[in-house]
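Hi,

Here's the structure I promised to pass on. Have a look at it first, and then read my notes below.

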Amino acid sequence: MTNTRIMIVEDESIVAMDIEIRLKRLGYVVVRRATSGAEALQQALLLRPDLILMDIRLQGGIDGIEAATRIRAHHNIPIVYLTAYSDSETLRRAKITEPSGFLIKPFDERELHSVIEMALYKNSMEAKLRQQAKQLQTIINTIPEGIFLLAADGQIMLANPVGLEYLALMVPEAPRDRITMLGSYSLQSIMANSETWLQVEVNEPSRRVFEVTAKPSFASEVLEERQWVLAINDVTKQHEVLHRSYQQSNLLVGDGPAVGVQPALSQR
């Protein structure tokens, strides 16, 4: 026996009653029968049902598609549309709201049951994916290096704050949703040299040195769909240490035996 709570939005009372009888026979809990888009909005936000069966054509100023759009803007409640109309314009408007399913009237009990169960399963899987994405974002936010997950065309699918900070320094005018260049390197050249860390220097507002590399994630075998992990390290301090060490070495060599270099060599 399921405890799934369903709200019916249907302005024809006989049709709504028939759907309610079928739902109860299938073991679902009907929490409300709404007759208008305005009532659907109010009750959905109040009752938070597990799923809404929403007629597209409703009386009043708010039809089912508009009501679904507003509900989805506030809560992730799966919505299955009920409609006797399957014209292309109605379907186009409905698809924009990303419904969890469609039922074309008249439908039988088996269709009703299967569409509801598929909608609930789809919503459950999407919730898990959102949770996994949130966990992944939390993890990469703790990494001290800049990390990006990119589509093959450079679209940023995931990024941590450090990476976005470095990107703003390397390419101040770059859009925040896509990477095409890093310093003097195109993204394609960085991808082509995936076994190499490439150096990018920035002189404004102060001198910074970065190393960048991109590795394919192989989420897809299709090259155009392949995702890439772009890593950026700030190696400014290491370069400063090496530069000072190099300068000191030159001074030591230039001063000769007075600083003890020549005696060390002469002891061989």
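Below is what turned up, starting with the sheet and ending with the cores.

Keep in mind that this is a predicted model.

First, the sheet. Five strands make up an open sheet, and going across you meet them in the order β2-β1-β3-β4-β5, with parallel pairing. β2 (29–34) and β5 (101–104) sit at the edges with a single partner strand each, so one side of each has no neighbour in the sheet. From one strand to the next, the twist averages 20 degrees. Ile-8, for instance, has Leu-53 in β3 as its bridge partner. Helix α2 (residues 37–47) packs on this sheet and touches β1, β2 and β3, and its direction makes about 150 degrees with that of β2.

His-75 lies between α3 (64–74) and β4 (79–83), and its side chain makes a polar contact with the side chain of Arg-48 at 3.1 Å.

Now the cores. The largest nonpolar core has 24 residues, and Phe-148, Met-170 and Ile-232 are among those with the most contacts inside it. Several elements supply at least two residues each, including β6 (146–150), α7 (187–192) and β12 (228–234). The largest share, five residues, comes from α6. Apart from this core lies another one, of 19 residues, including Leu-41, Ile-62, Ile-71 and Ile-77.

Enjoy exploring!

Notes
Residues are numbered from 1 along each chain as its sequence is written. This is a predicted model: local features need pLDDT of at least 70, side-chain atom pairs count only at pLDDT 80 or more; totals for chains, interfaces and linings use all residues. Side-chain values use heavy atoms; hydrogens and water are left out. A nonpolar core is a set of buried Ala, Val, Leu, Ile, Met, Phe, Trp, Tyr and Cys residues joined through side-chain atoms within 4.5 Å. Buried means under 20% relative accessible area, exposed over 50%, partly exposed in between (1.4 Å probe, protein chains only). Helices (H or I, at least four residues) and strands (E, at least two) are DSSP runs, numbered from the N terminus. A polar contact is a pair of N or O atoms within 3.5 Å; within protein, one must be able to donate a hydrogen and the other to accept it, and residues adjacent in sequence count only if both atoms are side-chain atoms. Two strands pair if DSSP finds at least two bridges between them. Axes are lines fitted to C-alpha atoms, for helices over the stretch in contact, and angles run from 0 to 180 degrees between N-to-C directions. Contact means heavy atoms within 4.5 Å.
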